Amino acid sequence: MKKLILFLSITFLFTQITLAQTTEIWIVRHAEKDKTNPEDKDPNLSDEGRIRAGDLATYLKKVKFDVAFATPTKRTHQTLDSLIIPKVVDYKDIPSLVEQIKTNYVGKTVMIAGHSNTVLEIIAAFGAKKPKEELTDDDYDYIFHLTVKGDKGKVKMDQYGRPHHL
């Protein structure tokens with residue numbers, strides 16, 4: 001009986017410590033893609049996109065990431081390559097990605113590169129309020145910093161690199 005009580009006490013304590021930890025998550029949309037070949041379904045970054053990827057690395061130079069995630073498209077992982085080599089994950093199942101991060105990376109610092117139609121959905125799935133109504137196909141310069149504690153998320157939005165909407 002004493003062993004059971006000790007086990008339950010340790011389990012409870014571990015759960016409380018885990019829930020008290022804050023996970024930092026940075027989310028960006030991939031940088032500008034090369035649009036010279038409309039037939040290319042998986043284009044590389046354009047010259048402008050490579051510059052923006054460098055701007056992202058400069059913006060986040062003081063942040064030490066434990067892990068990064070990108071979709072299978074070239075443009076998402078090329079956006080992160082000068083920062084950290086990302087794990088390639090299909091974001092069609094955003095709740096699964098969020099659960100994986102909440103389970104395996106509690107208290108860590110995580111980077112995610114997504115697409116205009118996934119970035120805000122990922123933010124919402126972490127329990128934070130969407131800071132914008134939508135991201136358009138022309139929105140490349142936004143960066144979102146989430147702090148997640150348990151099921152609650154707070155987000156701050158900023159811009160980096162050359163403003164896209166001139």
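**Exercise 1.** Is aspartate 151 buried, partly exposed or exposed?

*Solution.* Begin with the scale, on which buried means under 20% relative accessible area, exposed means over 50%, and partly exposed lies in between (1.4 Å probe, protein chains only). Aspartate 151 has a relative accessibility of 63%, so this residue counts as exposed.

Before going on, note that this is a predicted model, in which local features need pLDDT of at least 70 and side-chain atom pairs count only at pLDDT 80 or more, while totals for chains, interfaces and linings use all residues. Residues are numbered from 1 along each chain as its sequence is written, and side-chain values use heavy atoms, with hydrogens and water left out.

**Exercise 2.** Find the salt-bridge partner of aspartate 151, and state where the two residues lie.

*Solution.* First recall that a salt bridge is a side-chain nitrogen of Lys or Arg within 4 Å of a carboxyl oxygen of Asp or Glu. The partner is lysine 102, and the closest N and O atoms of the pair are 3.2 Å apart. Lysine 102 sits in helix H4 (residues 94-104), whereas aspartate 151 belongs to the loop between strand S5 (142-149) and strand S6 (152-159), so that the pair, 49 residues apart, links distant parts of the chain. Finally, lysine 102 is partly exposed, with a relative accessible area of 22%.

**Exercise 3.** Describe the salt bridge between aspartate 47 and arginine 50, and explain how the two residues are placed in their helix.

*Solution.* The side chains of aspartate 47 and arginine 50 meet at 2.1 Å, N to O. Both belong to helix H2 (residues 47-59), and because they are three residues apart there, about one helical turn separates them. Aspartate 47 counts as exposed at 55% relative accessibility, while arginine 50, at 48%, is partly exposed.

**Exercise 4.** How many salt bridges does the structure hold, and how far apart are the closest N and O atoms of lysine 92 and aspartate 90?

*Solution.* The structure holds six salt bridges. In the one formed by lysine 92 and aspartate 90, the closest N and O atoms are 4.0 Å apart. Lysine 92 is exposed, with 77% relative accessibility, and aspartate 90 is partly exposed, with a relative accessible area of 43%.

**Exercise 5.** Summarise the protein as a whole.

*Solution.* Count the elements to begin with: there are five helices and six strands, which follow the pattern α-β-α-β-α-β-α-β-α-β-β along the sequence. Then turn to burial, where 40% of the 166 residues count as buried.

Conventions:
Helices (H or I, at least four residues) and strands (E, at least two) are DSSP runs, numbered from the N terminus.
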